[in-house]
Amino acid sequence: MTGQANAPAECDLAVVGGGILGLAVARELKTRHPGLSTVVLEAADRVGTGQTGSNSGVIHAGIYYAPGSLKARMCVAGAGAMYELCERRGIPYDRCGKLIVARDESEIPALDELERRGRENQVPGLRRLGPDEIAEVEPHCVGASALHSPATGIVDFAEVARALAEDLGEQEVPVMTGAGVDGIADSGGRLRLSHAKGETRTRFAVFAAGAAADRLALLAGAPADPRIIPFRGSYLKLSPERRQLVRGMIYPVPDPSLPFLGVHLTRHIDGEVSLGPTALLAPRGALARTAAWPGTWRMALRWWRTGLTEMHHALSRRSLAKEAAEYVPELEPGDFEPYFSGVRAQALGRDGSLVDDFVVSETERAIHVRNAPSPAATSSLALAGLIADRAEPGLT
Ligand SMILES: Cc1cc2nc3c(=O)[nH]c(=O)nc-3n(C[C@H](O)[C@H](O)[C@H](O)COP(=O)(O)OP(=O)(O)OC[C@H]3O[C@@H](n4cnc5c(N)ncnc54)[C@H](O)[C@@H]3O)c2cc1C
């Protein structure tokens, strides 16, 4: 049904956004209520081309996130569900494990805190390693201490999204591609969604539109806060003959005040090994919109120094490679070539703070996913359950 010509004029549930999250929500609600007439409306000509199609591909185990936060709970539950789905559907994945490496004594308190969080979040199998044990897991990696997470894995989330769309096809849920929603209005107790394939009146809608989350929420009458600001993350990849220097994943101890995990070396399911991502504010034609939000300027004042480092990384392969060599000293700039980039949809509050946790809010006939950055791909199946619970009163 993907890409069919006519969208239904009426339905019970419309899910806007055919990324991994929207597809998972549609599948969850249709499975719970087979009688619900449901449609997915996706702007692009294929599903899973947004953030779902351009990311590190890591099934996170749930280490970093504040205990009790949605990220912590959804990530741990979502990772388990993701592995089960991959197993059941024959989607290739690899639980290849990850190291978070403290380079020297100064990074050990922050690593201790990550370990404490990971244990409180009940991440399975966490181990603390000294320098010799680091070399047993990653023979070419050096560090003063590391946290090993054997439950962290890799997958192609776009392939997961395609599998979810196939499930929806079997459930007779049309996944309309090329159907970007650009108008939302109340219409006789329903929501009227105007889109590139016509109009659909629905009893209830779930908006999971990634980078467009704030625009659609505003159209539906939700508050302007928070806004989405796009961060472009670029990756380099290792040349094939140097890939054996990295077995799984090697991450730094991240800056605890930023919701990003730092530049990491990651094996991908197709065998490539990436280095990245950078985190550069990437307005992508939205400069005016981003600059008009007071939070952008407040953030810029707070983070200008970090911003300069990121700009340096983004412009210089040498500077990124130098950072990787702090963990794997054999790596050199000539080992890397450009790979891909993805745009992170990160919510920013009016006060200039980057919103850390997932945010799901409601208007009268809709649920809006307002902040679903990493690890939302890992968490998607668990988040779909949470969103479905919250949608049910409006649907039954
Ligand atoms: C560089 C990078 C690295 C990351 N690494 C990881 C990782 O390793 N592990 C992890 O778990 N997560 C990671 N993430 C985060 C993860 O990719 C996202 O959290 C997840 O994909 C969000 O899924 P989504 O469905 O909400 O958004 P998206 O995949 O962005 O989907 C939103 C969809 O909505 C559609 N849309 C937009 N506007 C409209 C409209 N008006 N009408 C209809 N449709 C519309 C878009 O075309 C898109 O298909 C990373 C993200 C990036 C960018």
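**View 1. Helix H1 (residues 20–32) against helix H10 (residues 376–395).** The axes of H1 and H10 come within 8 Å and cross at roughly 45 degrees. Axes are lines fitted to C-alpha atoms, for helices over the stretch in contact, and angles run from 0 to 180 degrees between N-to-C directions. H1 is therefore oblique to H10 (angles under 35 degrees count as roughly parallel, over 145 as roughly antiparallel, 65 to 115 as roughly perpendicular and the rest as oblique). The crossing of H1 and H10 is right-handed, where right-handed has the near helix turned clockwise from the far one by less than a right angle, and left-handed anticlockwise. H1 brings Ile 20, Leu 21, Ala 24, Val 25, Glu 28, Leu 29 and Arg 32 to the contact, and residues from H10 include Ala 376, Ser 380, Gly 385 and Ala 391 (two residues are in contact if their C-beta atoms, placed from the backbone, lie within 7 Å). The contact residues of H1 and H10 comprise 13 nonpolar, two polar and two charged; Ala, Val, Leu, Ile, Met, Phe, Trp, Tyr, Cys and Pro count as nonpolar, Asp, Glu, Lys and Arg as charged, and the others, Gly among them, as polar.

The model is predicted: local features need pLDDT of at least 70, side-chain atom pairs count only at pLDDT 80 or more, and totals for chains, interfaces and linings use all residues. Residues are numbered from 1 along each chain as its sequence is written. Helices (H or I, at least four residues) and strands (E, at least two) are DSSP runs, numbered from the N terminus.

**View 2. H1 against helix H5 (residues 157–170).** The axes of H1 and H5 come within 9 Å and cross at roughly 30 degrees, so H1 is roughly parallel to H5. This crossing of H1 and H5 is left-handed. On H1 the contact is made by Ile 20, Leu 23, Ala 24, Ala 26, Arg 27 and Lys 30; on H5 the residues include Phe 157, Val 160, Leu 164 and Asp 167. The contact of H1 with H5 has ten nonpolar, no polar and three charged residues.

**View 3. The shell around the ligand.** The ligand is surrounded by 41 residues, and the closest are Gly 19, Gly 50, Asn 55, Gly 210 and Ala 376 (a residue counts if its C-beta atom, placed from the backbone, lies within 6 Å of the molecule). H1, strand S18 (336–348) and H10 each give two or more residues to this shell. By class, the shell holds 20 nonpolar, 19 polar and two charged residues.

View 4. S19 (residues 359–363) and S20 (residues 366–371) run antiparallel and are joined by five bridges (two strands pair if DSSP finds at least two bridges between them). Ser 361 has His 368 of S20 as its bridge partner.

**View 5. A three-stranded open sheet.** The strand order is S3-S8-S4, with antiparallel pairing. Strand S3 (58–59) and strand S4 (93–94) are the edge strands, each pairing on one side only. Two bridges join S4 to strand S8 (residues 153–155), and Tyr 93 is partnered with Val 155 in S8.

View 6. Most residues other than glycine have a negative phi, and most peptide bonds are trans. The bond from Asp 225 to Pro 226 is cis, with omega near 0 degrees; Pro 226 lies in the loop between helix H6 (213–219) and strand S13 (227–238). Gly 276 and Pro 277 are also joined by a cis peptide bond, with omega about -5 degrees. Gln 122, in the loop between helix H3 (108–120) and strand S6 (127–129), has a positive phi near 60 degrees.
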